[in-house]
Amino acid sequence: LTLEQSIRVGISRHEFFLNYQPKVDLQTEKIVGFEALMRWRHPSKGIVLPGEFIPVAETTGLILPLGRQAIEMACSQMQRWHQAGLGWIPVAVNVSARQFNSDHLVKDILAALAKYGVPSSVLEVELTESLVMDDPVIAETILLELRAIGIKISIDDFGAGHSSLASLMHYSVDCLKIDRAFIQNSSTEIIRAVISLAKSFDLQVVAEGVETSTQRDMLKGLSCEIAQGYFYSMPVTAEEVPDLLLKFS
Ligand code: G
Ligand code: G
Ligand code: MN
Ligand code: NA
């Protein structure tokens with residue numbers, strides 16, 4: 001089987017699942033939500049990471065059914081946590097370019113929210129900066145549609161591409177996630193400037209790839225609101241989420 005064929009089979013056999021990485025409020029050190037990260041339970045290779053299948057899924061168009069499953073699984077999981085008495089835990093799902101530009105995204109999201117009775121306010125989508133900048137006019141139309149549903153929109157991996165923070169600020173988004181390479185390689189002054197500009201446009205700021213207490217302290221000092229990274233937790237399985245919530249409570 002080619003990789004494309006095994007992804008296709010994997011989709012039909014529901015071999016893909018989500019892990020969850022917490023986003024932590026830097027002031028309170030409480031978990032405010034999770035990012036859903038896809039994994040593949042491959043029948044012979046074991047657990048396969050997105051780097052090995054997302055690019056192929058993108059070029060073959062399989063990202064459309066796969067992305068739909070991701071949205072479904074996130075909503076289904078939110079419903080289960082809610083039924084378990086954990087309340088509505090916000091979850092962010094990554095959406096790639098091909099998905100964003102398909103006609104189905106809004107329909108898929110509405111269908112999944114309705115199927116599992118999930119309030120739109122607890123679902124978030126993460127879009128990359130390049131995806132939004134590729135065709136700004138079309139992007140803004142889709143962003144406004146997503147906004148109208150009431151879900152939250154984040155720009156992912158900010159600072160990883162050719163950033164134009166100034167033009168990005170015109171878009172209808174709620175949150176800016178600063179790329180881990182940017183956090184790890186930029187001076188405090190540069191990070192301070194990005195945070196302050198984002199805030200002046202009323203964007204929430206999430207720092208990605210926070211691995212050390214030094215980085216945590218620096219970001220907290222710059223009034224960054226939320227952090228995500230190995231310093232707090234690796235992505236965990238859905239079953240591990242309740243214990244993780246307790247640990248941060
Ligand atoms: O978990 P990991 O670091 O291996 O994720 C690598 C990349 O795969 C990240 O950039 C992430 O955005 C992407 N990714 C993870 N899950 C999904 C998903 O469900 N859909 C899409 N489109 N991308 C995903
Ligand atoms: O592109 P996106 O931000 O969606 O990708 C998230 C990826 O980053 C996931 O694959 C996740 O496993 C990884 N990741 C999350 N936290 C850290 C961290 O602190 N350090 C490193 N090196 N990778 C991280
Ligand atoms: Mn992401
Ligand atoms: Na990111």
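**Close-up 1. Packing of α3 against α5 in the predicted model.** The axes of α3 (63–83) and helix α5 (residues 105–116) cross at roughly 25 degrees and come within 9 Å. Axes are lines fitted to C-alpha atoms, for helices over the stretch in contact, with angles from 0 to 180 degrees between N-to-C directions; helices (H or I, at least four residues) and strands (E, at least two) are DSSP runs numbered from the N terminus. The angle makes α3 roughly parallel to α5 (under 35 degrees; over 145 counts as roughly antiparallel, 65 to 115 as roughly perpendicular and the rest as oblique). On the α3 side, R68, I71, E72, C75, S76, M78 and Q79 meet D108, I109, A112, L113, K115 and Y116 of α5, contact requiring C-beta atoms, placed from the backbone, within 7 Å. By class, this contact has seven nonpolar, two polar and four charged residues (Ala, Val, Leu, Ile, Met, Phe, Trp, Tyr, Cys and Pro are nonpolar, Asp, Glu, Lys and Arg charged, and the others, Gly among them, polar).

**Close-up 2. Packing of α1 against α2.** Helix α1 (residues 3–12) and helix α2 (residues 50–60) pack at about 90 degrees, their axes lying 10 Å apart. α1 is therefore roughly perpendicular to α2. L3, E4 and I7 of α1 make the contact with F53, V56, A57 and T60 of α2; five of these residues are nonpolar, one is polar and one charged.

**Close-up 3. The shell around ligand 1.** Of the 13 residues surrounding ligand 1, the closest are M38, P50, A70, N94 and S96; a residue is near a molecule or strand if its C-beta atom, placed from the backbone, lies within 6 Å of it. β2 (31–42), α2 and α3 each supply at least two residues of this shell. Nine residues of the shell are nonpolar, four are polar and none is charged.

**Close-up 4. The shell around ligand 2.** Among 13 residues around ligand 2, D157, G209, E211, G229 and Y230 come nearest. This shell divides into four nonpolar, four polar and five charged residues.

**Close-up 5. The surroundings of Q228.** Q228 lies in the loop between β9 (226–227) and α12 (241–247). Q228 counts as buried because 24 C-beta neighbours lie inside 10 Å (20 or more other C-beta atoms, placed from the backbone, within 10 Å of its own; 12 or fewer is exposed, in between partly exposed). Beyond neighbours within four places in sequence, Q228 contacts Q21, K23, E35, V206, E208 and V210. The C-alpha atoms of Q228 and K177, 51 residues apart along the chain, are separated by 9.4 Å.

**Notes.** Residues are numbered from 1 along each chain as its sequence is written, while chains are lettered from A and ligands numbered from 1 in the order in which they are written. In this predicted model, local features need pLDDT of at least 70 and side-chain atom pairs count only at pLDDT 80 or more, whereas totals for chains, interfaces and linings use all residues.

Key: Contact = placed C-beta atoms within 7 Å.
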